[in-house]
Amino acid sequence: MSEPGPVQSRMAVPDAALLALLGSRDESLRIAEDMLDADVHVRGNELTLTGDPADVAFAERVFTELITLAERGQQVSTDAVRRTVEMLGDGEAEDRARIGESPAAVLSLDILSRRGKTIRPKTLNQKRYVDAIDAHTIVFGIGPAGTGKTYLAMAKSVQALQAKMVNRIILTRPAVEAGERLGYLPGTLYEKIDPYLRPLYDALHDMIDPDSIPKLITAGTIEVAPLAYMRGRSLNDAFIILDEAQNTTPEQMKMFLTRLGFGSKIVVTGDVTQVDLPGGTRSGLTVVREILGDVDDVAFSQLTSTDVVRHRLVADIVDAYARWDAGNERPNLRAAAPRTGPQQDRRSRRR
């Protein structure tokens, strides 16, 4: 039986969406051409796709999503093109589209805007993580470095504060990295804890006017403190984030979670492959799923190297370390979930 010959498909692009679709100096179009197996040509407002039937059909789905993004007033960046191709290429895209998880829906979900910069999820797992924060009182965001788990939690906390859903934001981390107790470090309390909490401040500066942050901290609207200072408190009407939770013991994790008060929400973030606890100490983050996995209103969101939103090399670094850790059977590390990215053959993923 002979193979089907090449086919051709034409798609009209609305005037208002054309420039956004092409990208600056046609960069987005060139990325699409590189990632797709169908030939892509643009003439006026018309896209022409040529190639094998399966390749053309896949290209049609990609450009339909990209045109939808452009029609919503978004510039179609090269990153948006890459992530659209990845999301559509794993074989479950049609099922996800039926429940509102199409690439256009994922990439156009705005969380927070400031000075022309909009914070939104960039991957399907990130959208599911954000949705879980909306739907549950306690959410665990677990994944490797660069997956946006802390940054998105911070954005949701600021969004909740601005919408008056909570009265304050509380940010905390265990201070264990330096191997020193805070009381032995020089300076005031805030000078002692600043190195541990600096990543949280950095994220806040992206989301709130930096000049207003000291005022909000002084007023108690934003509180940044080490985990040790949470003991004995009941935290009401607050959005509470525990970052670097892999460095808590099971006892500390229990202490923190039981601080939950009325009208509050908790997000716990961490990476179980980067535990800094002394040898032999179990991480509270590695056991909490066994304990709370069946508890209502508690959600666990797993992020993987495919959700890395830093430099693209970071995902490869995460995967390389996961393979090395698995091969050496290091006791405090867990192999990351297998990556499903653009390196795989796209044709095999579509069938």
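Biologist: How much space lies in the largest pocket?

Modeller: Rolling a probe the size of a water molecule over the atoms shows where empty space is left. In this predicted model, the largest pocket holds about 880 Å³ of space. Its lining has 36 residues, and the closest to the centre are Gly146, Thr147, Gly148, Tyr151 and Val309.

Biologist: Which helix gives the most to the lining of the largest pocket?

Modeller: Helix 8 does, with four residues. At least two residues each come from helix 4 (78-88), strand 5 (117-119), helix 8 (149-162) and helix 9 (189-207). By type, the lining divides into 13 nonpolar, twelve polar and eleven charged residues.

Biologist: Now salt bridges. How many does the structure hold?

Modeller: Side chains of opposite charge can pair when their charged atoms come close. The structure holds ten salt bridges. In one of them, Asp206 pairs with Lys117, with 3.8 Å between the closest N and O atoms. Asp206 belongs to helix 9 and Lys117 to strand 5, so this pair ties together parts that are 89 residues apart in sequence.

Biologist: Is Glu223, which meets Arg233 in a salt bridge, buried or exposed?

Modeller: The side chains of Glu223 and Arg233 meet at 2.6 Å, N to O. Glu223 lies in strand 8 and Arg233 in the loop between strand 8 and strand 9, so the bridge ties together parts ten residues apart in sequence. Buried means under 20% relative accessible area. Glu223 has 19% and therefore counts as buried, whereas Arg233, at 24%, counts as partly exposed. Elsewhere, salt bridges that share partners join Arg173, Asp243 and Glu244 into one network.

Biologist: What is the phi of Arg25?

Modeller: Most residues other than glycine have a negative phi. Arg25 has a positive value, near 55°. Arg25 sits in the loop between helix 1 (15-22) and helix 2 (27-35), and is exposed, with a relative accessible area of 74%. Asp237 also has a positive phi, near 50°. Asp237 is in the loop between strand 8 (222-226) and strand 9 (238-242), and is partly exposed at 34% relative accessible area.

Biologist: Last, the surface. Which residues make the nonpolar patch?

Modeller: Leu313, Ile317 and Tyr321 make a nonpolar surface patch of about 310 Å². Leu313 is in helix 13 (residues 312-328). A patch residue needs over 30% relative accessible area. Leu313 has 47% and is partly exposed.

Definitions and conventions
Residues are numbered from 1 along each chain as its sequence is written. This is a predicted model: local features need pLDDT of at least 70, side-chain atom pairs count only at pLDDT 80 or more; totals for chains, interfaces and linings use all residues. Side-chain values use heavy atoms; hydrogens and water are left out. Patches are made of residues with over 30% relative accessible area and no salt bridge: like charges are joined within 9 Å, nonpolar side chains (Val, Leu, Ile, Met, Phe, Trp, Tyr) within 5 Å. Accessible areas come from the Shrake-Rupley method with a 1.4 Å probe; for residues, only the protein chains shown count as cover. A salt bridge is a side-chain nitrogen of Lys or Arg within 4 Å of a carboxyl oxygen of Asp or Glu. Buried means under 20% relative accessible area, exposed over 50%, partly exposed in between (1.4 Å probe, protein chains only). On a 1 Å grid over the protein atoms alone, a cavity is a set of points where a 1.4 Å probe fits but cannot get out, and a pocket is an open set with protein on both sides within 12 Å along at least five of seven lines; lining residues have an atom within 4 Å of a point. Grid points are joined across faces, edges and corners, and a volume is the space filled by probe spheres set on the points. Ala, Val, Leu, Ile, Met, Phe, Trp, Tyr, Cys and Pro count as nonpolar, Asp, Glu, Lys and Arg as charged, and the others, Gly among them, as polar.
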